[in-house]
Amino acid sequence: MQAYVTQDDTLITSLTVRESVYYSAQLQLPDSMSKTEKKEIAEMTIKEMGLQDSMDTRIGGWGAKGLSGGQKRRVCICIEILTRPKLLFLDEPTSGLDSAASYYVMSRIARLDQHHGRTIIASIHQPSSEVFRLFHNLCLLSYGRTIYFGKTSYANEFFALNGFPCPNFQNLSDHFLRTINKDFDEDIEQGSAERIATEEVINILIDSYKSSTTYQEVNSNITEICEKGDAAHDNIKDHANFSTQSLVLTKRSFVNMHRDLGYYWLRLAIYLALSLGLGTLYYKVGSSYSSVEVTKLYYFRYCW
């Protein structure tokens, strides 16, 4: 079973952390589990992501104070790992976060890998040196071509052996991305003096990687996984049935409407104002043809 965390936070701003995760648990987990079990799983998942102190805090959004960006991202992750997936995809989990929040989010994700044996795949841009060290394996791509795929600890040595060592006191991830990014088509310094085009640098690294033992090990692992086939897959658990999902979604919708001033109460005030206006306009208008015509003219003159 796998799960996917999107780049954008898709949360209902009027709900609390506890409610967001628990409603999702009721929708995703099978009906064979009791409400108590689902609630326990939801609270345990919240604690895994370090949100136990914010359980009763609303998500918040435009015009409403709530969670920080890093906390919202962790709530999204909570919702996706409720079913305990073996494979977790994350699309830029640190996007829009500062370095401190990025490290805290990624360190929590790394703990999921250590404690539960999950495989976590994340696309990430410009990670700090601390965040970069959390990754066990690294895949560098340039326009769909694999530059390097292997142990993160060996990546710097790989670049250095091909003549592109990381300068002292520079972030490794920044050096790697700058070396293989040809969007700006700058010449890259190789060795001590020679400078070559980025396209040529990419070709050198690709050829070197394909002839390396790391490449052979990766292909061997892929072949082994493919041979296992469906035997390596876990049985996918059933979700809640249609009636349960309808009931939970209806309840969640009513809670959201009750708390959202603009969604429910403001509309109610507008409808009441319109009702009073139209009621006043036709109050004691009479039943004759002339009185109806006068009211109609008044309506079109002042309301339109």
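Start by selecting helix H3 (69-80), where Gly70, Gln71, Lys72, Arg73, Arg74, Val75, Cys76, Ile77, Cys78 and Ile79 are buried (under 20% relative accessible area with a 1.4 Å probe, protein chains only; exposed is over 50% and partly exposed in between). You're looking at a predicted model, where local features need pLDDT of at least 70, side-chain atom pairs count only at pLDDT 80 or more, and totals for chains, interfaces and linings use all residues. Residues are numbered from 1 along each chain as its sequence is written, and side-chain values use heavy atoms, leaving out hydrogens and water.

Stay on H3: 10 of its 12 residues are buried, so the rest of the structure largely encloses this helix.

Next, colour Val17, Val21, Met49, Leu51, Val75 and Ile77, which have the most contacts inside the largest nonpolar core, a group of 33 residues. Such a core joins buried Ala, Val, Leu, Ile, Met, Phe, Trp, Tyr and Cys through side-chain atoms within 4.5 Å. H3 gives the largest share, 5 residues.

Now click Met49. Leaving aside residues up to four places away in sequence, Met49 touches Arg74, Ile77, Cys78, Ile81, Arg108 and Leu112 (contact means heavy atoms within 4.5 Å).

Last stop: select Phe132, Tyr148, Tyr154, Phe158, Phe159, Phe176, Tyr209 and Tyr215, which form one aromatic cluster. Zoom in on Tyr148 and Tyr154, a tilted pair at 6.4 Å centre to centre with 35° between the planes. Rings of Phe, Tyr and Trp (its six-membered ring) pair if their centres lie within 6.5 Å; planes under 30 degrees apart are stacked, over 60 edge-to-face, the rest tilted. Tyr148 counts as buried at 1% relative accessibility, whereas Tyr154, at 28%, counts as partly exposed.

Technical notes:
Helices (H or I, at least four residues) and strands (E, at least two) are DSSP runs, numbered from the N terminus.
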